[in-house]
Amino acid sequence: MNTNTEPKSGGQTPQGAAASKLPAITQADDVVTTSSAPSGTSHIRSFVHRRAHITPSQKEALDRLLPQWSVAYRCAPLDLDQAFGRSAPTVLEIGFGMGETTLKIAQARPDDNFLGVEVFNAGVGALLKRIDEAAQTNIRIIQHDAVEVARDMIAPDTLAGVHIYFPDPWPKKRHHKRRLVQPPFIELLASRIKPGGYIHCATDWENYAEQMLDVLSHVPLLTNTADDYAPRPDFRPQTKFETRGLRLGHGVWDLIFTRK
């Protein structure tokens with residue numbers, strides 16, 4: 001399952017992927033992380049292996065900037081204050097795609113920390129470039145499976161919020177079981193959020209929105225901030241794909257639930 005969070009229904013290119021005029025380098029195995037779940041257990045992965053394209057500038061950013069702005073996966077709780085060099089509310093973003101939305105939110109909320117989880121080299125490289133060009137200091141990246149990060153690295157009752165924007169919709173019914181938003185994962189995330197913290201999901205697939213609403217509504221720790229779907233909050237910028245979709249009459253659904 002893919003955690004790229006820029007809208008990509010209908011075969012859209014991830015936001016920012018076409019911005020560079022440099023020739024793309026094709027990598028047959030862009031994802032090197034694999035599940036480290038104990039033998040005999042399993043979970044829905046937050047990504048799938050697939051061919052990917054990475055530009056020379058994205059690769060250069062990975063080589064030069066990853067050590068500065070990334071946190072290595074380890075099966076131990078992460079000291080957030082140490083990772084960010086300060087004490088501040090921390091939001092976990094699962095699957096930031098090419099990172100444009102992540103950067104804009106981090107710029108709009110400088111008093112918050114943003115921990116982005118993404119597995120694809122192209123997306124990680126793109127966000128690293130954005131961080132460097134904007135001199136943004138409140139973003140850190142973990143390049144690993146989001147389920148394992150939440151399970152192993154995030155202590156209970158620590159996060160101010162979680163963002164899951166436009167996850168892979170897996171539109172075919174037989175593939176719905178691969179969707180990221182499933183009861184066990186949302187229950188795990190709810191346990192990692194402080195009381196009063198939030199989970200914010202967004203999708204441009206109505207059927208997935210319905211599933212999200214059903215899953216989130218049945219997690220005992222969570223309560224809906226709206227009767228069903230919430231208005232898009234000002235801090236979530238409208239992406240270019242979302243703008244195009246809305247112009248064509250497509251829907252976008254936001255869900256915001258808070259921890260009781």
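1. Phe166 counts as buried, since its relative accessibility is 3%, where buried means under 20% relative accessible area, exposed means over 50% and partly exposed lies in between, with a 1.4 Å probe and protein chains only. This residue sits in the loop between strand 6 (159-165) and helix 6 (183-192), helices (H or I, at least four residues) and strands (E, at least two) being DSSP runs numbered from the N terminus. Although Phe166 is not a glycine, its phi is positive, at about 50°.

2. A note on the basis of these values: this is a predicted model, in which local features need pLDDT of at least 70 and side-chain atom pairs count only at pLDDT 80 or more, while totals for chains, interfaces and linings use all residues. Residues are numbered from 1 along each chain as its sequence is written, and side-chain values use heavy atoms, with hydrogens and water left out.

3. Where does Trp170 lie? Trp170 too is placed in the loop between strand 6 and helix 6, and its phi is positive, near 40°, in a residue other than glycine. Trp170 is buried, with a relative accessible area of 11%. Most residues other than glycine have a negative phi.

4. The largest nonpolar core has 38 residues, of which Ile94, Val162, Ile186, Leu189 and Ile199 touch the most other members; such a core is a set of buried Ala, Val, Leu, Ile, Met, Phe, Trp, Tyr and Cys residues joined through side-chain atoms within 4.5 Å. Leaving aside its neighbours within four places in sequence, Val162 is in contact (heavy atoms within 4.5 Å) with Val91, Leu92, Ile94, Leu189, Ile193, Tyr198, Ile199 and His200. Apart from this core lies another, of 26 residues, including Leu65, Ala126, Leu127 and Ile256.

5. Helix 3 (residues 100-108) and helix 4 (residues 121-134) have axes that come within 9 Å and cross at roughly 30°; the axes are lines fitted to C-alpha atoms over the stretch in contact, with angles running from 0 to 180 degrees between N-to-C directions. Helix 3 contributes Glu100, Thr102, Leu103 and Gln107 to the contact, and helix 4 contributes Leu127, Arg130 and Ala134.

6. For the chain as a whole, there are 8 helices and 9 strands, and 54% of the 260 residues count as buried. Among contacts between residues at least 6 apart in sequence, 82% join residues at least 24 apart.
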